[in-house]
Amino acid sequence: MSTTQDSESSWISRLNGVIPSPRHLSHQPSPSSLESSITASIYGSNRIETAGTTFSITAELCRHVFRRSNPAMTSVDTPAEFPTHSHRAVVDDLALTGRKPADLTRAYKEVTQHAQAFMYLTKHIILCNQPWSEELILETHRLLCSQLSQTITESDEIGAGQYRTHEVAVKYDLKDGGRPKTTLCMRAKVVPRYMKELVDMLNQDGARAYSEPYEHATRYHHRFVFIHPFGDGNGRMGRLVLNVLLLKYAGHVVIYAIEKAAQKEYIDMVSRASKIFHEEDMEVELEDQTWHEEFAGRLKQKFDRR
């Protein structure tokens, strides 16, 4: 009889068995190596948003989730066997990142729900080879962001699994350390139209994705982030879309900026792309748009050895 752990270990094994060989390696990585890379990508993506917790505890929590039988479960409790000193490490990390001890439970959930969302999206897009849909994206966001709100007002603003109905703006830090630049995101009333277009393009663009995986993945990462369809979690959702596309078409994930300098480099790159996107959107034919090219070029330079 197989155990739950055996069952969920097979999630990584099945994923490893269907993705292409990574372009920067001469062999297919082991399932444990793939799991480690996915865990590191979750950790790095959270750190960009000052979310989650330390790498070692992130790894423990991800293993806990990856070995569950149902990636769409509504909650993942903090493992009861976690020793007290681990909780102290989380509290210390919260203090270092300007958060409070009361945020401990949220920090755990930011990891476990991120892992759930990753499993859910890879199951449908890669293992089941299903088409993209708005319902799939909404459910992924629900898994990522549900139960993170501490007040009714905050819950309404996040709106887990729902497109936002209010206006939002994004602050980008400037290179010279000056005052952050605030950029108003797309109006809430146009979000459903842009998301329908994004899903349609994702499903129509699959044929080119195998030959140009980095252009394909970065195009939809940037487009998702610039639409900013949700009240919260847009950066993490955009990076989930990026990594699921990279896994499917390039055989690997991107481990996001973990060090502060690398985080700033990533954010600056997204900021530059945002400016070009808003200049080109509705003015330049899709095939001629260039806003994703810097990010695609970075990934190709790092990973594409073919």
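Biologist: How many cavities of 30 Å³ or more does the count come to, and what is the idea behind finding them?

Modeller: Rolling a probe the size of a water molecule over the atoms shows where empty space is left. Here the count comes to three cavities of 30 Å³ or more.

Biologist: Which residues line the second largest cavity, and which elements give two or more residues to its lining?

Modeller: The lining of the second largest cavity consists of Ser 41, Ile 42, Ser 45, His 114, Phe 118, Arg 236, Arg 239, Leu 240, Asn 243 and Tyr 256. Two or more of the lining residues come from each of α2 (31-48), α5 (104-127) and α11 (234-250), and α11 gives the most, with four residues. By class, the lining of this cavity divides into four nonpolar, four polar and two charged residues.

Biologist: What volume does the largest pocket have, and how is its lining made up?

Modeller: The largest pocket holds about 870 Å³ of space, and it is lined by 31 residues, of which Ile 48, Glu 49, Val 170, Lys 171 and Ile 267 lie nearest its centre. The elements that give two or more residues to this lining are α2, α5, β1 (169-172), α10, α11 and α12 (260-280), with α12 giving the most, at seven residues. The lining of the largest pocket divides into eleven nonpolar, eight polar and twelve charged residues.

Biologist: And which classes of residue line the second largest pocket?

Modeller: That pocket has a volume of about 310 Å³, and of the 13 residues that line it, Val 254, Glu 265, Met 269, Phe 295 and Lys 302 are the closest to its centre. Its lining has ten nonpolar, no polar and three charged residues, and α12 and α13 (293-303) each supply at least two residues.

Biologist: Where does Asp 93 lie, and which residues does Asp 93 touch?

Modeller: Asp 93 lies in helix α4 (residues 84-96) and, at 7% relative accessibility, counts as buried. Beyond residues up to four places away in sequence, Asp 93 touches Arg 47, Gly 52, Thr 53, Thr 54 and Arg 99.

Biologist: Finally, where is confidence lowest, and where is it highest?

Modeller: Where pLDDT is low, the predicted coordinates should not be read in detail. The protein averages a pLDDT of 85, and 85% of the residues score at least 70. Confidence is lowest in helix α7 (residues 152-158), at a mean of 59, and highest in helix α6 (residues 134-145), at 97. Over residues 1-8 the pLDDT is below 50, and this stretch has ten contacts in the model beyond near neighbours in sequence.

Note on methods. Residues numbered from 1 in each chain as written. Predicted model: local features only at pLDDT ≥ 70, side-chain atom pairs only at ≥ 80, totals over all residues. Heavy atoms only, no water. 1 Å grid on protein atoms, 1.4 Å probe; cavity = no way out; pocket = protein on both sides within 12 Å on 5 of 7 lines; lining within 4 Å. Points joined across faces, edges and corners; volume = space filled by probe spheres on them. Nonpolar A, V, L, I, M, F, W, Y, C, P; charged D, E, K, R; others polar. Buried < 20%, exposed > 50% of the residue type's maximum accessible area, 1.4 Å probe, protein only. Contact = heavy atoms within 4.5 Å. pLDDT = per-residue confidence, 0-100.
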